[in-house]
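Hi there,

Here is the structure I promised to pass on to you. Have a look at it first, and then read my notes below.

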Amino acid sequence: MANTEDCRILIVDDDKDICENLKQILTMDGYEVHTVNSVAEARLVDWGKYFAIIVDRRLSDGASDVLIPEIKSQSPTTAIIVITGCPDLHASLKALRQGVEDYFLKPLDVDVLRASLTQIVRTRHAERRAAEAERLAVIGQMMAGIAHESRNAIQRIQTGADMLKLDVSDPELVCHIEKITQANHDLKAMLDEIRDYAAPLNLTRNEVDLSSVWRRAWENVVSVGSHNDANLFENTNNHDLNCSVDDFRLEQVFRNIFENSISACATAPSIQIECFDLNGASVGANDGNIKVVIRDNGPGFAKEIKERQKIFEPFFTTKQKGTGLGMAIVKRTVEAHGGSVAIGDGSASGAEIIISMPRRSNNN
Amino acid sequence: MSKESNGSILLVDDDQDMVDSFSRWFRRSGYEATPTYHAMHGLMAAAKNRYDVAVVDIGMPDMSGLELLAELIELQLFPVIVLSGHNEPELKSEAMRLGAAEYLLKPASMNELESAIRRVLFDSGLNIPAPLAGANGSHQVGSGANGQH
């Protein structure tokens, strides 16, 4: 059982033998089973503690028809299974209309009952997963909204600092203004990362040459960071690198990887990009998958990071600056394209990132 | 544009503090700046007065920036620079398709904003000095970027 919420069953039947037999069988299956023998006893129980209640249709002090609406009202997520010794089409239809999960005739086929319980557990898990996904989506939208709405405030700080620069000539004060500007820039970068990570990822695919995407990213990283000593070396073997991708999103993927590499390299960062197909040969075919290997001349990843691929976890960082979302964004974006990303196990001493990606959407 | 002025700028953004700061900065830098805080006010000012360039936000409560942009472009009065908090490529494409002269992302430094204004004024043939280099300047891409090794 996944958790205690999914293992408690209540049996309501005035036939104590049936109660005991079912309890033994279902207990062996791993359920925690409680039994009561009347409507009155059943009403004393906290129904919310049970994921399923198996109830006999005719009890000595009343019918399940009365109990079912009460259970549904007080514990809507508890599944109800009705068992009966009297086949009655109208009664079974009424029970199903009342929202019971299943309706079985005595003598019970225990395997069918077990299958029904298993299905109920699976459905509950799926419902909980969907609710959790919805909750995360709402948090994501909220974070994206906060990140977006703060742009105006950040713009005001920037403009205020720029205004001060017009009047201030004292080097010490100028230095303080520069610190405000830098902090503002860092805040903006952090909120951008949070927004990029949290916002829904809707790809807009364009037919592009992959090398043009990483070159744009490279130019941006080098120019913004003034990394004039950094070098990018390509080995595409003149093969066709056309693919259908969201080039805006993928540019960010390369940018994040390049920025990580450059910040890890103490001096003269040197980054190599090499392309293969997934069988190990260089890319040649127009279809299939592209594998891009990006290596740098930095210190590489620690063994534990490499083994557990930790850099792709959100908020993981070995740097003093940054949110730790950069590589998580890389993973999310590449996976949205149907691809995968991993730390390479190559012999190179620096870091090695391997992106494997289909040239075309699998939905095409 | 008066002889003493570097250019006249219409500013449209619902963030009043920000527009006022822009306005002060541009006035200090030799421009004529008119702040407006609603899309409709911006549109009315555009219809009544003469400006050399407008800087408009793209997300305002009373009218979307794209609507305002479309209206301003249709009037064919002056070039329009979009200063937006939205980084979505489709929004940028739509703004450029509608005829925006530039699409800047918030936060932009005043140097970046002024550089964009100078570029736009230069392109529209006004007697403004040639555009400044971008705030970050241009940098040479690493030597291996286009080669094979």
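**What I found**

Let's start with chain A: among its contacts between residues at least 6 apart in sequence, 64% join residues at least 24 apart. Two residues are in contact here if their C-beta atoms, placed from the backbone, lie within 7 Å. Bear in mind that this is a predicted model, where local features need pLDDT of at least 70 and side-chain atom pairs count only at pLDDT 80 or more, while totals for chains, interfaces and linings use all residues. Residues are numbered from 1 along each chain as its sequence is written, and chains are lettered from A and ligands numbered from 1 in the order in which they are written.

Chain A has 10 helices and 14 strands; these are DSSP runs numbered from the N terminus (helices are H or I with at least four residues, strands are E with at least two). Of its 364 residues, 34% are buried. Buried means 20 or more other C-beta atoms within 10 Å of a residue's own, exposed means 12 or fewer, and partly exposed is in between, with C-beta atoms placed from the backbone.

Now for the sheets. Strands of a sheet pair through backbone hydrogen bonds, either parallel or antiparallel. I count two strands as paired if DSSP finds at least two bridges between them.

One open sheet in chain A has five strands in the order β2-β1-β3-β6-β7, with parallel pairing. β2(A) and β7(A) stand at its edges with a single partner strand each, so one side of each has no neighbour in the sheet. From one strand to the next, the twist averages 20°. Helix α3(A) packs on this sheet, touching β3(A) and β6(A), and its direction makes about 165° with that of β3(A). (Axes are lines fitted to C-alpha atoms, for helices over the stretch in contact, and angles run from 0 to 180 degrees between N-to-C directions.) Within the sheet, five bridges join β1(A) to β2(A), and A:Ile11 stands opposite A:Thr35.

Another open sheet of five strands in chain A runs β9-β11-β12-β14-β13, and its pairing is mixed. Here the edge strands are β9(A) and β13(A), each with a single partner strand, so one side of each is left without a neighbour. The twist averages 15° from one strand to the next. β12(A) and β14(A) pair in the antiparallel sense over seven bridges, with A:Ile355 as the bridge partner of A:Val292.

What about helix α8(A), residues 247-264? It has 18 residues and reaches 25 Å from first C-alpha to last, close to the 26 Å expected at 1.5 Å a residue (that is 1.5 Å times one less than the number of residues). Because 14 of the 18 residues are buried, α8(A) is largely enclosed by the rest of the structure. Its axis and that of α7(A) come within 8 Å and cross at roughly 50°. Residues making the contact include A:Trp214 and A:Trp218 of α7(A) and A:Phe254 and A:Phe258 of α8(A).

Finally, the two chains meet: 26 residues of chain B are in contact with 29 residues of chain A. α1(B) supplies seven residues, the largest share of the side of chain B that touches chain A.

Cheers
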